Amino acid sequence: MPFKLFEVSKPIPERKEHTYVKHCGDPEDCLPKCNSKTIPGSMTERGCAFAGAKGVITGAIKDVAHIVHSPVGCTAYGYGTKRYPTTTDMPDGSQFPIKDFNIKYIIGTDLQESDVVFGGMKKLRQAILDTNKEFPFVSAIYLYATCTTGLIGDDLDAVAKEMEEELGKPIIAFNAPGFAGPTQSKGHTIGNNVLFSKLVGTTEPPATTPYDINLIGEYNIDGDLWLLKDYFKEIGINVLSTFTGDCCHDEIGWMHRAKLSVVRCQRSSTYIAKMIEDKYGIPYMKTDFFSTKYCAENLKTVARFFGLEDKADELIAKKMAEVGPELEFYRKKLAGKKAFIFSGGPKSYHLSVPLQEELDMDVTGVSSMFEHEDGFEKMKSRLDEGKLVIDDPNALELEELIEDYDIDLIMGGVKEKYFVHKLGIPCLLIHSYENGPYIGFEGFVNLARDMYTAIYNPVWNMLEFEETEEPDVPNVEEEAK
Ligand code: CFM
């Protein structure tokens, strides 16, 4: 195995199982170990289950107040959104009364030691009353358990039920304390289950058409959703509900009225699409709109369902004529550049083939924070012989990877960006994006442009590195003696 992953520092032997070098002859189920608890001592970049529920699934819902039942840290953590912009447009044509809509309402219960000892439900009730008084215009109030309240056993469902009756406003509890699972992925599942069981089937849309879809797992990162919505509109397809980018509380309730569910992010939200299919008989399809090739293919597949393939062809031809020449420029500039993709999971397989086939880049490997076996199968199937597939890499491993594989560009998140820059390598944000949207035809040009400007930035030629000795790793056990 050419990949000497664990030589930077003290090795963590168990990490070996989380790394796989693709050999085409290997059986299909030969994958890195994944979706398991983080190994102690490995400085993971994962998020927790609360982050998965609030940060990913519900945080983009624009007309609700989110109460995080926690000491102040989780509230502050939950306040940072994923850069999912929203409009003030409501489905009935009205406007939500608050202008600065990109700041979603988040309220904390600021638990203290006495609340931990005597219970925090009283404080939670008060927070709901205060929220209702301060923000009477929100459509619903969502409550979040965190590690602290999960451990002390506060019953959020009971408080939600009691206060919903008292206030006459929907109050929904999400019991996804940080420790509920090994990663944020567990929070996705819980978020899907709660929204499905509590909301779907409870409201009716203002109007329906024979061409209505649910666009599921599209969170409108830097405007991705708006681009896709425009494409569908041009084809003649109506997005009845979005789960959950730029969406309203009531929209979730009428997802059972769509004709088809289109699943964009397959890790975080296939769950609800499946539950809607099982209960209401609405079929779903898993899709991929990153890059011109996938976007064209998948728009056609969705359009075909409604007999609108000709319209899709027209749109694709028009878009390709628009983006083709610029993409060709970037293809020449990016050809042969080595990229490593580190996302939560899905973006690692969405982007690997487009980078290779449409931009002639060399994808050295991919990794994921929280994917499960099915996602890793897709990642592996989209890579060539000898490429790397890594579960939950830590900073030291990424550092070694950059050095050993002579990487030109890391595609990752804010946790990696600055230490990668310190190594003299560009790092492009593919979670929240640099200058998105990145989805669809125009989005792929934006991505290519950002990769080009990152790699060709003259700053990388101005850096000088001094050779330094690797410091000895202190032996904590010895010193403690
Ligand atoms: Fe789905 Fe997403 Fe992703 Fe995700 Fe995420 Fe994300 Fe991601 Mo960051 S919902 S799984 S939990 S595609 S925030 S928009 S980029 S890790 S690969």
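Reply: Lys380 is buried, because 20 other C-beta atoms lie within 10 Å of its own; a residue counts as buried if that number is 20 or more, as exposed if it is 12 or fewer, and as partly exposed in between, with C-beta atoms placed from the backbone. Residues are numbered from 1 along each chain, following the sequence as it is written. The model is a predicted one, in which local features need pLDDT of at least 70 and side-chain atom pairs count only at pLDDT 80 or more, whereas totals for chains, interfaces and linings use all residues.

Lys380 belongs to helix H14, where helices (H or I, at least four residues) and strands (E, at least two) are DSSP runs numbered from the N terminus. Leaving aside residues up to four places away in sequence, Lys380 touches Lys22, Leu31 and Val389; two residues are taken to be in contact if their C-beta atoms, placed from the backbone, lie within 7 Å. Ser348 is 32 residues away from Lys380 along the chain, and the C-alpha atoms of the two are separated by 10.0 Å.

The axes of helix H13 (residues 346-358) and helix H14 (residues 373-381) come within 9 Å and cross at roughly 20°, the axes being lines fitted to C-alpha atoms, for helices over the stretch in contact, with angles that run from 0 to 180 degrees between N-to-C directions. H13 and H14 are therefore roughly parallel to each other, given that angles under 35 degrees count as roughly parallel, over 145 as roughly antiparallel, 65 to 115 as roughly perpendicular and the rest as oblique. The crossing of H13 and H14 is left-handed, a term used if the near helix is turned anticlockwise from the far one by less than a right angle, with right-handed used if the turn is clockwise. On the H13 side the contact is made by Pro346, Ser348 and Tyr349, which meet Gly375, Lys378 and Met379 of H14. By class, this contact of H13 with H14 has 3 nonpolar, 2 polar and 1 charged residues, where Ala, Val, Leu, Ile, Met, Phe, Trp, Tyr, Cys and Pro count as nonpolar, Asp, Glu, Lys and Arg as charged, and the others, Gly among them, as polar.

In helix H15 (residues 395-405), Leu396, Glu397, Leu398, Leu401 and Ile402 are buried, and what covers them includes strand E10 (338-343), strand E13 (409-412) and helix H16 (414-422). Just after H15, Asp406 takes a positive phi of about 55°. As background, most residues other than glycine have a negative phi, and most peptide bonds are trans. A cis peptide bond, with omega of about -5°, joins Gly436 and Pro437, and Pro437 lies in the loop between strand E14 (427-429) and H17.

At the level of domains, the assignment gives domain 1 (13-44 + 319-461), domain 2 (49-181) and domain 3 (212-313), with bounds that come from an automatic or database domain assignment. The C-alpha centres of domain 1 and domain 3 lie 25 Å apart, and 23 residues of domain 1 are in contact with 18 residues of domain 3. On the side of domain 1 that touches domain 3, the elements giving two or more residues are helix H12 (309-334), H13 and helix H17 (440-455). H13, the helix that also meets H14, gives the most to this side of domain 1, with 6 residues. The residues of that side divide into 11 nonpolar, 8 polar and 4 charged.

H12 has a helix contact of its own, for the axes of helix H11 (residues 292-305) and H12 come within 8 Å and cross at roughly 165°. H11 and H12 are therefore roughly antiparallel to each other, and their crossing is right-handed. Among the residues making the contact are Ala296, Leu299 and Ala303 of H11, together with Ala312, Leu315 and Ile316 of H12. By class, the contact of H11 with H12 has 8 nonpolar, 1 polar and 4 charged residues.
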